[in-house]
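Subject: Structure handover

Hi,

Here is the structure I promised to pass on. My notes on what turned up follow below it.

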Amino acid sequence: MKAPLFRFWRRVLAGLVLTGLAALAWWRGGPTEDVSGASRIDRPARIQPDYGGLVIPPNIAPLNFSMLEEGTRYYVVVRGNQGAPIQIRSRGPAITIPPRAWQALIQLNQGGELYCDLYANTGKNGWQRFSVMTNAVALEPIDPYLFYRKLYPYHNSWSSMGLYQRSLESYDERPLLRTDCCHCHSLCNNDPNRFSVDIRSEHYGNSLLLVQNGTVQKLTGTVGFSSWHPTGRLLASSFNKPRLLLHSRKNDMRDIVEFEAWLGYLWVGSNVVRRIPSLADDTRLLTCPTWSPDGRYLYFCSAPRRFKDFAELFRSEYQQVKYDLMRVAYDVERDRWGAPEMVLPVQATGLSAAQPRISPDGRWLTFCLCAYGCWPTYHPESDLYLIDLNATGPFVPRKLEINSEECESWHSWSSNSRWMVFSSKRGNPLFNRPYLAHVDAQGKFSKPFVVPQADPAFYSAYLKTFTLPVLATQPLPVTERDLIRAISTTNGPQLRMPSGDEDRHPDSNDHNQSLR
Amino acid sequence: MALRQTKQSCRQHTNHMQNTRRRGLRRMLCATTGRCMGKANKQKTRPKQHAAPAFWHSRGPLVSGACFFAVFFWFLWQQVDPRLIYHGAGAIQGFPVFHWDREFFLERLRFPGGIAQYLSALLSQLLFLAWSGALVLTLQAWLMFLGADAFLKAIAAVRGRWLRFLPPLLLLALHSGYAYCFLAATHVLAALGMAALYVRWKPTPLWARLAVALALTTLLYVIAAGAVTVFILLTAVYEIHRGHWRRIFLLVPLAGLIPFAADGVFFGPSPKGMGWGLLSFKGNVEASQPLERTLIYALYLCLPLSGFGIVILRWIHQRIPSKATIHPPHPFVEPEPVNLGGTREAALVLLASLAVMLWFPDKRLHAVLAADYYASNRMWPQVLEAARGNPSNPYVRSAVNRALYHTGRLGHELPLIQKPDDILLPGNDRRAHWDKVDLYLDLGSVNMALHHATEAIAFYGEQPFLVKRLALINLVLGNTGTAKIYLRSLTSTPFQADWARDYLRRLELDPKLSGDEELIRLRQLRPRDDLIPMPAESMLLSLLDARQHNPMACEYLIAHYMLSRNLLGLATNFYRLEAIGWKSLPPLYDEAAVLTAKRVGIEPSEFKPSPSLEALRRYEKFVAASMAAGWNPQASSELLPKEFKHTYFYYFFSQR
């Protein structure tokens, strides 16, 4: 009795499986579509994110996108001058490109172009073909990893800030640090084998973590922005007291002012912070240090110090605090500092400079200019500028073509100086998204594009903001657990501040007010 | 006769059930009611001496079980009100967010116990409505009851069968105190389910037994990592009951290694360390209040500890001979069923339930949650009603102030606030951020509402209440791109999706939403000048400078001056009341006007709006009475007639 019954159910099961597979195949669509009779539309299809007219790295993950054109079916062909084209049929507007075929295609067309034929079937009008979308594939690869912070765009609490490592060749994202603290990271020459994170935490206290060759060292004390000397032998840091202001009318209501900011440096392996002798001037605010790739200059931003506390702040015109872009010479072998030099005074632009970064080939100096202050991420008018350091004569800034109407900030270079990553709020004035742009040998930037995600609609509903993106040549050699263990350890050596500052800086216990 | 009939129908029923695929479900139902438990139970049924006790013996569990869960449901629905747990009001930590989203699901497959977390988050959304919330919580308690019953039966704990009510009672206590414990209960449920499988599936060889245990542990670790510890303890108790003492020394360490192996193979290293899932149930507990923490630990451990106690006591009992004791020849053999009996069990359950329902409800927290819930839904009379449970709580007071304003009664009742600046809510902690969102939005201080909403989301996560407010605020500010991101995020939530889709559709037609009356109103109320936020008075003044017709800011400002006894402020700003439409003044404003006029030296008739003659007469009477009391605040409070105790005059003079 059992055998026929078993056979019956087996057939039913097989039938169900086959039906399911057929339905799935129908839903996903087959590999080809007959679009020979498609009517032409003489404009590019509207897609999101905007991945048309780009220069893309030859090692980037598939640029998945959503069609914003009306349609019941979509058909996309990605092709190059070499290699088999990729055909994607979809019943929904999300176009997901198979990763292996994509990698093969862009590798084959390195230095060439990729073409994307886009079709939409509206049912009534049949297939419509939009203008071909063309992207160039650069010869130079981008550093395969991107480190960034993700956080809710809040103001004063840092309970869900996270440091992440994203593989740009795939969509893999690995958390590196998720604790209730505020932190900033810095890499030496894009190499995470020399990596630092400064921590400001109510729970764990303030510290500086130094990652070197797979080990984590904790130095207890409060550090601001850091920059590794290219030799990896020392770090220059700002030691500042930033404070948050909230505007009652401005659309981005956040603002940050500094009551105090000075520059110091720290030899790796030592816990003694030294003040830069030629910059030991308490009447000026000094911040955003960054080394030139040859290690001979430390670039920084400087402004007159107009107030020391809120009482003085409210009496002063804090919107008039604008930062010059400056540099100071340094001889690492003899530990000798030169005199400060002006790179770009406020008078030249009327704007305030912040976040200088120099391309690893030493040619390009990029920085933000905003109306005032040194916190461009809260200034919608903040734009990226570039100075050619090889040019003769005075330094002349050029506004980059990659800027938008919203804020651009937090930029960094790839190790081959051909790619830049930056945070941009284009499209909305609140959420920073990481954008990539190619830079050619003449310093011309290509159209920027947002870092691709597996889900093309990812950014349209994602409630966290991406800040401080930094390109890296390798993954971080330590795990999240190693970092958390280091933060929570209580036996890290205390940072020794220069005399006179000891009382003020290390573990000042003003974590929440000291903002990043 | 009745007994015979009952037994006969019971046998027929059992035979029928053996041939039906619904046997498992029936057994569960039978376990709930305590009736007709099939072959095993039939053997245990004791011949009854008398009809009446027999009736209660067999039906007592039915009555107690049914009544217990009916009362459980009613109590949750009508008294606890699960909507308040869903709303949270910033007072309940850890209530999960849920999205109908592939990535949301996949994310939860990447760590041990994510499936239980996903299911808990999904089912917790039913707490949005009172009845569905009560239903899902009752079902959870009922399933736990069934699991506990099956486990107690498995260890032949006939005398301890009443212990199956222990987990539901603990759940009732937790729900009464507004502790969100859905995930903890799901863990216990998963552990009981796996333990039931372990008990039913018993191959003879030791290696096969171990293989079953390890396979179930692995599965449980993947599904509900926090349940593994409970499961290991339950299996250990079961093995002790079966007399396999030595087996547990092999089983427990091996099962304890599973989380480490699973982390190594499936999930990868966790920042909390390999095998952290073994103790991950602690995560549910640590953020709780001490009493809640104890109750959640009790929920996790009550059955393993009870089971352990039972088997140990039985073991001791067997080794201390007593005339009154019936020794089972072997632990495998079911002991003679001597249980509490239906009546006694029903009585015990009734008493325990009553004790829990009287002892554990947190009425003060209920008032806080209810006031905030009704205020956020703009149900002002209900706010005033709910606030009676905890009138001194600052968040309740803030909700009451808003309710008084919206019902036109702020001029009738002076807010009970010690510091006048606290009219805009004291503190800057996470709880205050939650409450200030609606308060500032109501006042028209949109930027400050934005500030508090963004701060709150950092603490409470993407709670639909906060995301909805952020979408609305950004629409007011004209940040359409940002608002769309918040709205799109809401479209994947179970209960706010329609609201969000409606706004998205309207934004497609009109990106500025220029026809939306609420947005227009809030846009008009925004301060004109960009100022750094400041104390309450300055903030209210800046709002009124931007738009004179801001009734709420105006009344709050007057209330602020009245509370701070700032007669100069009252004198210079009283005219604003007329601007917002007050022609005849409510009693407190009336009295404040008289007092201001008298003390500052202005003719009352010059005051706009003018105080009433009645208020003037009241003032004169008050002065006379106070003079009689010698203007002594201490004496005044005793000697002044009661009619003055609710006047502004009394407040002004006596509470300095």
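A cavity here is a set of grid points where a 1.4 Å probe fits but cannot get out. Its volume is the space filled by probe spheres set on those points. Note that this is a predicted model.

**Cavities**

By that rule, the largest cavity holds about 110 Å³ of space. How many cavities of 30 Å³ or more does the whole structure have? The search finds 14. The lining of the largest one takes in 17 residues. Nearest its centre are L151(A), R254(A), T377(A), Y378(A) and T467(A). Two elements of chain A give two or more residues each to this lining: β11 (145-151) and β34 (465-472). By class, the lining splits into nine nonpolar, four polar and four charged residues.

**The interface of chain A and chain B**

On the chain A side, 33 residues are in contact with 34 residues of chain B. The two chains bury about 2900 Å² between them. Carbon and sulfur atoms account for 58% of that area. Which three residues supply more of chain A's buried area than any other three? They are S248(A), R249(A) and L463(A), with 23% of the area that chain A buries against chain B.

The largest share comes from α5(A), with three residues. That side of chain A has 16 nonpolar, 11 polar and six charged residues.

Polar contacts do occur: seven residue pairs, both partners at pLDDT 80 or more.

**Salt bridges**

Over all chains, the structure holds 39 salt bridges. One of them joins R43(A) and E69(A), with the closest N and O atoms 2.7 Å apart. What does this pair tie together? R43(A) lies in strand β1 (residues 39-44), and E69(A) in the loop between β4 (65-67) and β5 (73-80) of chain A, so the bridge links parts that are 26 residues apart in sequence.

**Backbone points to check by eye**

Two spots are worth a look in the viewer.

- The peptide bond from Q48(A) to P49(A) is cis, with omega near -5 degrees. P49(A) sits in the loop between β2 (47-48) and β3 (55-56) of chain A.
- C288(A) has phi near 50 degrees, a positive value in a residue other than glycine. C288(A) belongs to strand β22 (residues 284-291) of chain A.

Best wishes

How values were computed
Residues are numbered from 1 along each chain as its sequence is written. Chains are lettered from A and ligands numbered from 1 in the order in which they are written. This is a predicted model: local features need pLDDT of at least 70, side-chain atom pairs count only at pLDDT 80 or more; totals for chains, interfaces and linings use all residues. Side-chain values use heavy atoms; hydrogens and water are left out. Contact means heavy atoms within 4.5 Å. Buried area is the accessible area (1.4 Å probe) that two parts lose on being put together, summed over both. A polar contact is a pair of N or O atoms within 3.5 Å; within protein, one must be able to donate a hydrogen and the other to accept it, and residues adjacent in sequence count only if both atoms are side-chain atoms. Helices (H or I, at least four residues) and strands (E, at least two) are DSSP runs, numbered from the N terminus. Ala, Val, Leu, Ile, Met, Phe, Trp, Tyr, Cys and Pro count as nonpolar, Asp, Glu, Lys and Arg as charged, and the others, Gly among them, as polar. On a 1 Å grid over the protein atoms alone, a cavity is a set of points where a 1.4 Å probe fits but cannot get out, and a pocket is an open set with protein on both sides within 12 Å along at least five of seven lines; lining residues have an atom within 4 Å of a point. A salt bridge is a side-chain nitrogen of Lys or Arg within 4 Å of a carboxyl oxygen of Asp or Glu.
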